[in-house]
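Welcome, and thanks for taking a look at this model with us.

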Amino acid sequence: MSTPVDLTPAAESTVDTPSRKGGIADVAGLGVGRAIGFVLPALALIALFLVFPALWTLYIGITDYQLTGPAAANPQVIGIDNFLTALGDTLFRNSLWLTVLFVLGSAVIGQNLLGFGLAWLLRGARPWLRRLTESLVLLAWILPSTVVAFLWFAVLDRDGGTLNLLLGTEGTAWLVRYPLISIILFNIWRGTAFSMLLYSSALAAVPPSQLETARLVGASGWQTVRDVVFPHIRGHVLTNTLLISLWTANDFTPFLLTAGGPNHASETLPVFIYRQALEGGQLGYASAISLLLLVANLVVAGLYLRLLRRRA
């Protein structure tokens, strides 16, 4: 006689499953209260050092707040007058154009190409040569800005500068005759390390078999990069370009070389904002320009992120 099969539900498993509240799984099992407690310090720091300064800058940007004088003690709300003044200011438009050239020349083109070139050339280099080159490039990135600026003063100095001695062009004031080109080259030299490291990491993920196939079929170096390497690192290229573009657009270091001169020829937006706020005392006007720069950064970041989603 056969034994009857027990069809009753099996005993509940003793393995804990993540609880769900409001349709959201509590994977860590902390509960809402303890989870909020963990993130609350970070949220407080973000609110204190990011949200509050942004809101305060927004408020100052719609006032006539000044560094000294009656407007410093009792600023008046003037609405969008500061923004309209900025859009009609010749010096602001000049700084905006110089910032675009500075970002394109030193970040989008310069650091991208040089960083990728170094990463590509160092792939097959001997370990000691690779470590030495990476160390030298990183040294320019990690040194303090003031130290790097003084090094470039020694190179570009009118009297006894290294560049003049090498080229035999004694007396040439490079920072006066070519201020924008000087700060572009300075920023390329100083900031290439990040791009080099990122592209070195990205190239390590390219399948060696595809590179070997390209070599066997006789593809040139450019064809290999275009048809084999670039499709694998497209996302890294966009991410790197986004980061270095935003960093460069907000970089104040060129002020240490040229102070925005001569005659506003190298006055990028961060330098222009500094001079308006602290030298001119127009804190409200400078805050309005800061907000315009923030909006421009957000627009550029949005475009890059949209491209990244399309490439995903």
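## How helix 6 meets helix 9

Helix 6 and helix 9 are oblique to each other, because oblique covers whatever is left once angles under 35 degrees are called roughly parallel, over 145 roughly antiparallel and 65 to 115 roughly perpendicular. Their packing angle is about 125°, and the axes lie 12 Å apart. Axes here are lines fitted to C-alpha atoms, for helices over the stretch in contact, with angles running from 0 to 180 degrees between N-to-C directions. Helices are DSSP runs (H or I, at least four residues), numbered from the N terminus.

On the helix 6 side, the meeting residues are Ser145, Val148, Ala149, Trp152 and Leu156, and helix 9 brings Ser182, Leu185, Phe186, Trp189 and Arg190. Contact means heavy atoms within 4.5 Å. Sorted by class, this contact has seven nonpolar, two polar and one charged residues; Ala, Val, Leu, Ile, Met, Phe, Trp, Tyr, Cys and Pro count as nonpolar, Asp, Glu, Lys and Arg as charged, and the others, Gly among them, as polar.

## Basis of the model

This is a predicted model, in which local features need pLDDT of at least 70 and side-chain atom pairs count only at pLDDT 80 or more, while totals for chains, interfaces and linings use all residues. Residues are numbered from 1 along each chain as its sequence is written, and side-chain values use heavy atoms, with hydrogens and water left out.

## Two nonpolar cores

The largest nonpolar core has 17 residues, and Phe116, Trp120, Tyr199, Leu203, Val206, Val229 and Ile233 have the most contacts inside it. Helix 4 (90-121), helix 9 (179-203) and helix 11 (221-249) each give two or more residues to this core, with helix 11 giving the most, six. A nonpolar core is a set of buried Ala, Val, Leu, Ile, Met, Phe, Trp, Tyr and Cys residues joined through side-chain atoms within 4.5 Å. Buried means under 20% relative accessible area (1.4 Å probe, protein chains only).

Leaving out residues up to four places away in sequence, Tyr199 touches Asn112, Gly115, Phe116, Ala119, His236, Val237 and Asn240. A second, separate core has 14 residues, including Phe102, Leu175, Ile184 and Ile188.

## Gly284 in helix 14

Gly284 sits in helix 14 (residues 283-311). Why does Gly284 count as buried? Its relative accessibility is 0%.

Beyond neighbours within four places in sequence, Gly284 is in contact with Ile60, Gly61, Thr63, Tyr65 and Asn82. Ala71 is 213 residues from Gly284 along the chain, yet their C-alpha atoms are separated by 9.8 Å.

Technical notes. Buried < 20%, exposed > 50% of the residue type's maximum accessible area, 1.4 Å probe, protein only.
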